[in-house]
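Please view the sequence and the model together while reading.

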Number of protein chains: 2
Amino acid sequence: MAFDPSTLKFDDKGLIPVVAQDHATGEVLMVAWMNAEAVAKTLETGRVTYWSRSRQSFWIKGETSGHVQTLVELRVDCDRDCLLALVEQEGPACHTNRRSCFYTAIRDGEETEIMSPMV
Amino acid sequence: MAFDPSTLKFDDKGLIPVVAQDHATGEVLMVAWMNAEAVAKTLETGRVTYWSRSRQSFWIKGETSGHVQTLVELRVDCDRDCLLALVEQEGPACHTNRRSCFYTAIRDGEETEIMSPMV
């Protein structure tokens, strides 16, 4: 069946959450949001393109930072209300310069930093 | 710093998205939602507990199906508006009986099933 981004289930703001995962290591890098047009752009260009909720504009990941995400494969979940993007990530995915945004673990009830910024 | 679930950033429905990842293989199994109380219950019990948006009730994963998710580690992202749960998953995570909910890939513009239900 041909994939049509408009058949996904978007929330009341027209957005769908996207998990970006390193295609080689399996590391979960970040979660961000796309609208239908961002999904289409991502598939057309191979450059992962989100919708920035804070800036209310398209966000071609790495366009200003150089930390590009190249799409390897896009997957849809059973409810069609979430996407998984397998990506090749250039450098850090996180704006704090860490490889992943999930650098804080809860251990014994304490927030523990488990990842340092990349040099 | 002691972790307090109320310091997370919840959406306008009081929910936060949670990525469940197999702690051993790195496979992304599913994405679901928690409210602050579900986060607290998950940490207290070690059984991953979501908030079911369709049923509007707590959803202790596997309580009826037996496909339990045991928490290995909970992580918070840089914006505090998304969680990553590293889990030990008993059997399939998906209600379709597949290991992961992300069993549909977009390949050459076509939806392609890449995973079969578990026996």
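How many residues of chain A are in contact with chain B? In this predicted model, 39 residues of chain A are in contact with 39 residues of chain B, contact meaning heavy atoms within 4.5 Å.

## Basis of the values

The model is predicted, so local features need pLDDT of at least 70 and side-chain atom pairs count only at pLDDT 80 or more, while totals for chains, interfaces and linings use all residues. Residues are numbered from 1 along each chain as its sequence is written, chains are lettered from A and ligands numbered from 1 in the order in which they are written, and side-chain values use heavy atoms, with hydrogens and water left out.

## The interface of chains A and B

About 3,200 Å² is buried between chain A and chain B, with 57% coming from carbon and sulfur atoms; this is the accessible area (1.4 Å probe) that two parts lose on being put together, summed over both. F102(A), I106(A) and E111(A) supply 20% of the area that chain A buries against chain B, more than any other three residues.

Across this interface there are 8 salt bridges, each a side-chain nitrogen of Lys or Arg within 4 Å of a carboxyl oxygen of Asp or Glu. A salt bridge links the side chains of R53(B) and D81(A), at 3.0 Å from N to O.

## The setting of N35(A)

N35(A) is buried because its relative accessibility is 14%, and buried means under 20% relative accessible area (1.4 Å probe, protein chains only). Not counting residues up to four places away in sequence, N35(A) touches F10(A), G14(A), L15(A), W51(A) and F58(A).

Methods:
Buried means under 20% relative accessible area, exposed over 50%, partly exposed in between (1.4 Å probe, protein chains only).
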